[in-house]
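This report concerns aromatic contacts and barrel architecture in the model shown below.

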Amino acid sequence: MDLRKIRKQKVEKLSDKFCGRDNRGNEMAFTSYYLTINGKPFFGIQGECHYSRVHEGQWEDTVMKMKMGGINTVSTYCFWNHHEEEEGRFRFDGNRNVRKFIEICHKHGMYVIVRIGPYAHGEVRNGGIPDWMYGKPFEVRSLDEGWLSYTRRLFRQYAGQFRGLYYKDGGSIIGVQIENEYMHSSSPWEMTTGITNEWVPGGSDGAPYMRAVKRIAEEEGIITPFYTCTGWGGAAAALDEMLPLWGGYAFWPWIFYDYRGEHPATPEYLYRDNHNNAVPKTYNFEPAYEPESFPYACCEMGGGMTCYYNYRFKLPYESVDAMANIKIGSGCNFLGYYMYRGGSNPKGERTPYLNECQCPKISYDYQAAIGEYGQLRPSYFRLKALHYLVKNFEGLLCDMITVLPEGSQEIEPQNQEILRYALRTDGKSGFLFLNNYQDHCACKEKKGAKITLELEEREINIEGISIAAGEEAVLPFMMDVEGCTLIYAKAQPLSFQRHGNRTVCFFFAPEGMEPEYVWDGASVGMEELSYGVLAGAGESSHGASAGMEGLSHGAPAGMEGLSHGASAEPEALSHEASSGVENVPPVFSARQEEIQPGAGCYAKREGNMLKVTVPGDEISSYVLQGRAGEVEIVTLTRQQSLRFYELEWEGEKLAALCSCPLLYDNGRIWLESPADGSDTSELLLYPPRQLEGAEQEKVSALPAEMGIFRGFQFIWEEKFVKKDILETRKRGPSRYTFRIPEAYADPGVYEGSKAYTDPKVYAGVEAHAGYKDARLRIMYEGDVGHLFASASNEPSGCLQTFGDCLEGQQSRRSTAGLLTDGGLVSDNFCNGAVWEIGLKEVWNPSMGDEMTIYITPRKEDATVDVSSTMAGRTEQMKGAVADLISVEIWPVGSVELELV
């Protein structure tokens, strides 16, 4: 690839319609290529989370998990029919309390984009438009004054909730989406679908409608630095006032309305150049503007997908970070995942189920990075590793253009022989993007590829590029590291951290790739080259380090005495000096007897280059001398990269390796118990720090170490990690019951649950430190699974299963009604995966300990016989499958620690 004459990116600030200032004088503004804060590039990473689909008791946990996953902006739909199901009666209580949700986002330093509609979609009934709008004497989604007056009325309510929370006020709301997919997409009118197949109008008034709706929002006080709209599918956009946002999905349930056959492989995993006027359109990107006049920004990259009735699939979780890799490599400087956090549809008061009929009535898990009940999926950890690269190199990355190899646009999705790659570069340095994932196609491992980059001052030959099937990677070239020039690395950067006179650079080895670093010899010095392995760089050990006393409640962790590193005493091994290089320090030092091929770091000269190879299956490190002190290069395995976190404490970064879900806020750390049946978790830090606050009744701790990391292995009390296998009783052809064990029925057993601690509900019961949650895991065969909770006829006070009860008499009436209307608390379209349910959110002891599962059978050759002369109808079938395989409860424990 010739980079000597690449085009120059012209970065221009957009108009005042795309910027704003807060009350401290900070400015947020879009250029033609990226978002800036006070003139500096800011790479937005946006995750979709619908507050009304998440129990309010889960909001803070959710926002903290999003932040730990590398998200910096939360986007959320405001569904009209969740707030005004009954005309004239707005609800902003419980899980509909959008103001409280945004305040929690602000507390944790997260920006917010509100998607206010009035039409939203999101697989909500009527796309969010209330049923009662169907009979109004005007067309919805039109310039009719009747519709616009209702839009104004709705926005006035939102504005009251948002007051004081805007960026201009020092708050979190930085953007507003106007409408959604106007003139491109719509939803069924659920009150008629199945009889007339009637759909909500998609709109026909073009950009003037979009401007009118935006003007109403502004007039009602909804003022933000920028406004957005749908970019794809020819949707109408007022481009002089709104930023068009893009996306991409590789799993298309909607095609099965009228399509039969296997899902096709999509072009979503092929690199494109989507910020280049010479490439006016590519697959799924056909803008009505010159591509370089707006940033290529996304809001709906498939962070998962819900199962529709006619399309059941298990999401390959590696598909999510592969798509993010593709979008960044194709020029995106603003990522947006839909969904990032799944949820559950609230029940209505007049309409029992507020979802779209082709989807489950309650579940909107979406197979997202964070699941319906706060579970962390493999995609969460894979994305996190990519997000750290973006966060730590946004200043470089945002200014770099996309360069594609010749012929890349002709690659067919099914082609598994060609290595897919792209560059983001300024012509002098950059990043090599690799993708070896393809949807709906068996991927193949790639081995031994070579890519040559021609720069003005040198030619770079990257040889031996191998990558596992399904893997993606980002490799740097010509990167300055404290004055040392990294010509290229066959390892992906994670984080750069400065501690005293030492810079520590964390990389990881992508799956299938042998990690290698090639340095410019003149920049690192080669007169006195020495090399070796890092002692103690294998898997973690525990119980053997001096000064690592057991962690006890309220006591220091005994980590203050830990020294950095575990290398043997250096004994330099001199080599012949390169010409023109004088008085340079050694690059790496260790004892000669520790140099073993394949056992650790190995360095050798090749001309004026220093090539360092390290193991890809264990942690390793080596040290260079940079212009401001030592530079330590730490290489993690791919699996270790999934456990990697950055923490900020007292003005500096800390690196953490944690084998279980980790939450962090201002020095406080929360660990969740493992969800895989293991009884141990590890938390390792660099630099080592003291910890205190673990509770002996929950965990015991042993010192542990791994490479330069020091910390603890936590052994959890059995009750937090041991699953219960529940006995089930068959009550009909496809109906089963089971009982919640007594251990989970204690009203005070769940931490932080108002439902269990509110004295109005359980007077005299004192909550104690117990489970964070408990998750039912159900395996079954059939068509649709339904879980019902029984209940007494007595109202349960403040509790309402999905957090949307009201105060007073109406609350008691609707709550009692909910608990006696059949008690559906969760449902699932069978796709062969485990059906998982958070017990804390769907059940409480007042419902009784018995729950019912009804499985709609999967039917073979089902027909309806209507031959009777007396209008009789009966279903006939050759066979049906409805079998409950197992029901388990997996506890979720939580322990709090504190950095001191």
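## Aromatic contacts

Phe 496 is partly exposed, at a relative accessible area of 21%, whereas Phe 393 is buried, at 5% (buried means under 20% relative accessible area, exposed over 50%, partly exposed in between, with a 1.4 Å probe and protein chains only). This is a predicted model, in which local features need pLDDT of at least 70 and side-chain atom pairs count only at pLDDT 80 or more, while totals for chains, interfaces and linings use all residues. Residues are numbered from 1 along each chain as its sequence is written, and side-chain values use heavy atoms, with hydrogens and water left out.

The structure holds 48 aromatic pairs (ring centres of Phe, Tyr and Trp, the last by its six-membered ring, within 6.5 Å; planes under 30 degrees apart are stacked, over 60 edge-to-face, the rest tilted). In one of them, the rings of Phe 285 and Tyr 296 are edge-to-face, with centres 5.1 Å apart and planes at 70°. Phe 393, Phe 431, Phe 496, Phe 507, Tyr 517 and Tyr 622 form one aromatic cluster.

## Barrel

Eight strands close into a barrel with parallel pairing, in the order E5-E6-E7-E8-E9-E10-E11-E12 (strands are DSSP runs of E, at least two residues, numbered from the N terminus; two strands pair if DSSP finds at least two bridges between them). Strand E5 (residues 44–49) is joined to strand E12 (residues 334–341) by five bridges. Cys 49 has Arg 341 as its bridge partner in E12.

Notes
Helices (H or I, at least four residues) and strands (E, at least two) are DSSP runs, numbered from the N terminus.
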